[in-house]
Amino acid sequence: MISGMQRLFNLNGSHRSLGSSRFTEEDEIEVKLHDEFGDGIVGLQFDSKSTDDFKQGQAIIHSVISGSPAAKAGLEPLDLVTTVNGKAIASCTAALRALAKAEWPIVLRVRRMTSIRETTPAPTEREIYEHLELQIPESMKATTIGITMDTRPCSGGAELRQPIVFAVVPNSPAEQAGLHACDLLLAVNNARVLSTQHALVLLQEASWPIRLAVARPQALHNAAVTLQRNWRKSC
């Protein structure tokens, strides 16, 4: 049985056990997410390529960050989020706003969208994230950790600007700690990051050493592993 998966419902409200035959798209799964580490990370990614679709379209999960509460609860890409702590969800924007304010443990009801799985492209390695924990030690010469982020206005609202590292300054504390461009900031000193602007505020106010929870694109992680293996073979 998948950890965190609580109950299975038919849309008419009747209950079915998880041990029954394979559930269909008429069923909703209720899952409970637990904040084990106190950093508020949920671990869900929604597709924000089109702002209009993001604001108006259904809250269909695009990818799930490995090791996150969402992953441990058994959520999968293409699951449709229908409620957050009992509040009905009608769009990706509504899901993000509800998750940002939700009290833990977070109870989600999701619908497994079996009918679109064969026709919808799976997330690429650039859209699947590995969860990492980094610590940036205090530096006597540095006043910042040494990263830049995209702070341009976002038409969909500030909460839609994902806190993704744009570049890392060479020889900076961030580079020495292993932070990479394209890393997604999840938490700073156990405080969940909600947007790019929020990340910059948290980093400015953070006390050293700074603990970061980041999500790294699987493509970047795999490329680093390949380079390391090739370097070892050449030695």
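Glu-76 is partly exposed, at 31% relative accessibility, where partly exposed means between buried (under 20% relative accessible area) and exposed (over 50%), using a 1.4 Å probe and protein chains only. Hello everyone, and let me say what we are looking at. This is a predicted model, in which local features need pLDDT of at least 70 and side-chain atom pairs count only at pLDDT 80 or more, while totals for chains, interfaces and linings use all residues. Residues are numbered from 1 along each chain as its sequence is written, and side-chain values use heavy atoms, leaving out hydrogens and water.

Back to Glu-76. Its side chain meets that of Arg-112 in a salt bridge of 3.7 Å, N to O; the term means a side-chain nitrogen of Lys or Arg within 4 Å of a carboxyl oxygen of Asp or Glu. Arg-112, by contrast, is buried, at 8%.

How many salt bridges are there by this rule? The count comes to 6. Another one joins Lys-72 and Glu-36, with the closest N and O atoms 3.4 Å apart. Here Lys-72 is partly exposed, at 37%, and Glu-36 is exposed, at 52%. Asp-183 and Arg-216 also pair up, at 2.7 Å between the closest N and O atoms, and both residues are buried.
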